[in-house]
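Good morning, and thank you for coming.

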Amino acid sequence: MQFGIFTVGDVTTDPTTGRTPTEHERIKATVAIAKKAEEVGLDVFATGEHHNPPFAAPANPPVLLAAVAAQTERLVLSTSTTLITTNDPVRIAQDYAYLQHLSDGRMDLMLGRGNTGPVYPWFGKDIRDGIPLAIENYALLHRLWREDVVDWQGKYRTPLQGFTSTPRPLDGIPPFVWHGSIRSPEIAEQAAYYGDGFFSNHIFWPASHTKQMVSLYRRRFEHYGHGNADQAIVGLGGQVFMRKNSQDAVREFRPYFDNAPVYGHGPSLEEFTRQTPLTVGSPQEVIERTLGFRDYVGDYQRQLWLVDHAGLPLETVLEQLDILGEEVVPVLRREFAALKPAHVPDAPTHAGRVAAAGGAHDTTVYADGDDDVTGASPDPSARTQTTVEVTK
Amino acid sequence: MSTQTPFHLAVITAGVTEPSSTRLLADRLTEATVRALGGHGVGEVVVEVVDVRDVAHDVTNNVLTGFASPELQVRLDAIAEADALVVATPVYAASYSGLFKMLVDVLPKDALRDTPVLLGATGGTARHSLAIDHALRPLFAHLGALVAPVAVFAASEDWGSVEAGRLGERVERAGASFAALVSGAPRTARVDPFEQVTPFEAMLTDLRA
C-alpha cells in the first residue's frame, strides 16, 4: 500500500497571524513539502491543477512535478487532479509522457473534471459538457499512449490524421491513470471500463458517498473482466491534523478549520469530524480512523492526506509530515499489510507494470522521409518498423 | 390503488415559533388528506413530518458544504421518497420563508418530479394570500411537482373566527381535492443511479450521436 499527500495549492491567510503568503512563498513551500514527504518515508506526492486565485497550484502539473522529480529519488509523483475536461488530451498525453521519462517512471496521474464553472469557458468549454468531455477526451488520451499513429475525430477538438503523440510512453508502458469523482457514477463506470484506478477524494464529504462510488466501481471492474471486485485499484483521500495530545490538536487546528475554504463558517469542527473522514487528534486516533476506512471500501492501494491547506504555516505542515512518517505510516503499513489477502494487488508502479508486460520495450517513433530536422508524422504502414525491441 | 404497501405522505413545515400556526395548518391539511385518502381506498398512510426549524443549522451547513448531516439526510430521504407531499410556510416579505427555500434548495435534483404537492401558507393578513400563487406555485412547477390546484392560505384572523375565513371548510376541500389528485396519479419509483448504471459503451455511443 502506498501512503502520501495531496495538495490543492491554496493561498490562504493564516487566521492566527492574518498573514497571507505570496505566490512565490506558496510555490516554494509546495516543493519543500514534496521533498519532505520523501524524506519522512512517504511514497506519493500529488498536486492539484488550478488556473485562478486563491490557488498557486500549477496550471500544468508536470511543471511542478518535473522540478520535484529532479530533487527526489523515490517519491511517486501524481496529480489531484489533472483536468480531463478543459485540457487538450493531446497535451496531457505529451506532457505526462515527457514527465514519465524525466522521472524514470515515478509518476502517474489522477483525472478529474473540475467543479469550478468559470474555468471551463477560459478554455473554450462548458461545464454542462463535463461528463461527455471527460469521456471523449480520455478515450483519445488512452489511444494516444497505446497507438503510435492515431486517426481520430470527435465532438470537442479538431480531428487528428496520422498523428503520433511524442514522446512515446517510457518502456512502452502508458502512465497509470486514476479517475477521481465525488458523486458521479459515470466516472466510476469509466474507471471500471478501462480497468484503471478509482480515487475517492473522501474529504469534505461523508463516507457514505465514498462507499457508494467505490462499491459501484468494484462491481463494474469485475463486470468488465479486469479481475475480481476486490482486486480493483482504489485510492482514498483523507485529512488530518495531529498533536501528541488530542486536545492540543483540536485547539491548534480550530481557527484554521473555522476559516478554511470549502467548509469554513459552516459546520463546527466537531460536526465535521463526525460527518466526514477529517481527523483532528493524536497519531493513534489517525491510525484507528484510517484503518477503519477499509471497513467500507475494502482493501485499497493508496492513501493520500491533505495536510497543507487553510493557511497552515509551512513549519507546521513539515511537523505534520514528521508525525505521519514517524508515528502513523509505519504502523499503518504493518497493519494494512497484515490484513490484505494475497490475491489483492499492491498499488501499481511503473516497474511492476513493466514486469507484468513482459519487460520494457522502447517505443520511440522516428521520423521518416528526408526531413529529419522538423520530422513528419510516420506512415501507419511503417509502424512495425519503428518499434525496436530492447532486451534487458 | 394498492392497499398493500403503506402510502408515504411527507410534510414540510417551516414555521419557527412554538407553537406555530404554520405547523397547525400543516397538521390540519395532513389530517384532511389522510381522511380523504381513506375514501379512495388507500389503507395505511405513513406520515413523516419535517419541521425545518429542527434542522435549520444543518440546512445552512448543507448549502455551504454540499452534503447533508445524518439528521438532515433522513429528512431529505423522507421527502424524496414520499408518494405525496404537504408543504406549509409562513409568508415573509411577500414570499415563502428563506429557511423553507433553503430546504428546497438542498433537495436532490428531481426529488419532487411528478410528486403530488399540496400547498399551504400562513401570514398576518389575508392580503398575503397571493404568495401561494406568485411564489410557491412557480417554485414547485419548476421542480416538476404535480401541484394541487386547491391550496390553503391561513391569515391570523382565520384562526380566531370560524365565519371569517371558513378555514376548516377550505382545509377539508383542499384535502379532498388533493386526495383525488393523488389517487389518480401513478406512484413512481425513483431510479438509483448507483444501482442502474448506464453502461460505458452507451456513453461512448451517445458521444457519436
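I begin with helix α5(A), whose 15 residues reach 21 Å from the first C-alpha to the last, close to the 21 Å expected at 1.5 Å a residue. The expected span is 1.5 Å times one less than the number of residues in the helix. Helices (H or I, at least four residues) and strands (E, at least two) are DSSP runs, numbered from the N terminus.

A word on the source: this is a predicted model, in which local features need pLDDT of at least 70 and side-chain atom pairs count only at pLDDT 80 or more, while totals for chains, interfaces and linings use all residues. Residues are numbered from 1 along each chain as its sequence is written, and chains are lettered from A and ligands numbered from 1 in the order in which they are written.

Which residues of α5(A) are buried? Among them are A:L133, A:I135, A:E136, A:Y138 and A:L141. A residue is buried if 20 or more other C-beta atoms, placed from the backbone, lie within 10 Å of its own, exposed if 12 or fewer, and partly exposed in between. The cover over these buried residues includes α3, β5, β6 and α6 of chain A, together with α9 of chain B.

Of its 92 residues, A:F45, A:F198 and A:Y217 touch the most other members. Leaving aside neighbours within four places in sequence, A:F198 is in contact with residues including A:W178, A:V214, A:Y217 and A:V234; contact requires C-beta atoms, placed from the backbone, within 7 Å. A second, separate core has 58 residues, including B:F7 and B:L85.

Let us turn to the sheet. Nine strands of chain A form an open sheet with parallel pairing, in the order β3-β2-β1-β13-β10-β9-β8-β5-β4. Two strands pair if DSSP finds at least two bridges between them. At the edges stand β3 and β4, each with a single partner strand, so one side of each is left without a neighbour in the sheet. Further in the order, β9 (residues 197–200) and β10 (residues 234–236) of chain A pair in the parallel sense over three bridges. In β10(A), A:L236 is the bridge partner of A:S200.

For contrast, consider A:Y296 in helix α10 of chain A. Is this residue buried or partly exposed? A:Y296 counts as partly exposed because it has 13 C-beta neighbours inside 10 Å. Beyond its neighbours within four places in sequence, A:Y296 is in contact with A:A207 and A:K211.

What, then, of the second chain? In the interface, 13 residues of chain B are in contact with 22 residues of chain A. On the chain B side, α2 (56–65) and α9 (200–208) each supply at least two residues, and α9(B) gives the largest share, four residues. This side of chain B divides into nine nonpolar, four polar and no charged residues. Here Ala, Val, Leu, Ile, Met, Phe, Trp, Tyr, Cys and Pro count as nonpolar, Asp, Glu, Lys and Arg as charged, and the others, Gly among them, as polar.

Finally, chain A as a whole has 12 helices and 13 strands, and 46% of its 392 residues count as buried.

Notes:
Two residues are in contact if their C-beta atoms, placed from the backbone, lie within 7 Å. A nonpolar core is a set of buried Ala, Val, Leu, Ile, Met, Phe, Trp, Tyr and Cys residues joined through C-beta atoms within 7 Å.
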